[in-house]
Every structure is written in C-alpha cells, then in structure tokens.
Amino acid sequence: MKIHHCPICLNNLFYKVSLLQYFHYQDCICESCRNEMIACEKWIQVEDINVYCLYFYNRFMESLLFQFKDGRDIALKEVFFYRHTKYIESSFKGYTIVYM
C-alpha cells in the first residue's frame with residue numbers, strides 16, 4: 001500500500017504529479033524532506049570500530065532523530081533506511097547490523 005503523505009512534513013507526496021510519476025515514485029518521504037537529509041555514505045572509524053555512515057548530522061537530522069527517539073514517533077521508522085535497505089542487506093550479510 002502506497003503512503004500518500006510525508007511522515008515528516010505531512011505534505012501530500014503526490015500533489016501535482018503525473019500518473020507515471022505516481023506509480024514510479026520510490027520513496028516514503030517527499031523530495032523536499034529527502035533533500036534535507038544530506039547523504040554521507042562512507043566508512044568512518046569511531047574508537048577503533050568501522051562504522052558506515054549514511055547521512056551527515058545536521059539540524060534537520062537532529063530534529064528528525066529527536067522526534068523519532070524522544071517523541072517516539074514510530075511513523076518515522078522507515079525514513080532513515082528506506083533507500084538503503086537493499087544495499088545494507090546485500091553488502092553486510094553475515095555482519096551484525098546495529099542501526100543507530
């Protein structure tokens with residue numbers, strides 16, 4: 001079932017889109033909110049542990065994480081990994097994955 005509203009800003013995902021765009025839209029949040037989530041996608045080392053970082057930590061991410069964790073807004077659970085699920089599952093088979 002398609003999500004019709006962005007769980008972050010609550011705007012309609014399909015406002016003024018063509019029929020083709022409607023059926024091919026591949027995200028769970030609106031383009032505006034996705035653009036605020038600046039992709040990092042690189043390995044970093046934190047105290048001798050290799051960590052794969054998906055996004056830079058900016059004001060938008062700080063607000064989003066606060067809303068998710070402290071506000072217990074479970075509607076946001078898909079937002080962080082939606083575009084990366086296939087990559088994570090295929091690239092890290094056999095690893096223990098800790099989402100943080």
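Predicted model: local features only at pLDDT ≥ 70, side-chain atom pairs only at ≥ 80, totals over all residues.
Local features were taken at pLDDT of at least 70 and side-chain atom pairs only at pLDDT 80 or more, while totals for chains, interfaces and linings use all residues. Residues are numbered from 1 along each chain as its sequence is written, and side-chain values use heavy atoms, with hydrogens and water left out.

A disulfide is a covalent bond between the sulfur atoms of two cysteines. With a disulfide taken as a pair of cysteine sulfur atoms within 2.5 Å, the structure holds zero disulfides. For Cys6, which is in no disulfide, the nearest cysteine sulfur is that of Cys9, 3.7 Å away. Cys33 is likewise in no disulfide, and its nearest cysteine sulfur, that of Cys30, is 3.6 Å away. Relative accessible area was computed with a 1.4 Å probe on protein chains only; buried means under 20%, exposed over 50%, and partly exposed in between. Cys6 counts as buried because its relative accessibility is 0%. Cys33, at 6% relative accessibility, also counts as buried.

A nonpolar core is a set of buried Ala, Val, Leu, Ile, Met, Phe, Trp, Tyr and Cys residues joined through side-chain atoms within 4.5 Å. The largest such core has 19 residues, and those touching the most other members are Cys6, Ile8, Ile29, Cys33, Met37, Leu64 and Val79. Strand E2 and helix H3 (59-69) are the elements that give two or more residues to this core. H3 provides the largest share, three residues. Helices (H or I, at least four residues) and strands (E, at least two) are DSSP runs, numbered from the N terminus.

Strand E1 (residues 39-46) pairs with strand E2 (residues 49-55) in the antiparallel sense over six bridges; pairing requires that DSSP finds at least two bridges between two strands. Trp43 has Tyr52 in E2 as its bridge partner. The two strands, E1 and E2, form a hairpin with two residues between them, and Glu47 in the turn has a positive phi of about 50°.

A salt bridge was defined as a side-chain nitrogen of Lys or Arg within 4 Å of a carboxyl oxygen of Asp or Glu. By this rule the structure has one salt bridge. It joins Lys77 and Glu78, whose closest N and O atoms are 3.1 Å apart. Lys77 is partly exposed, with a relative accessible area of 49%, and Glu78 is partly exposed at 38%.
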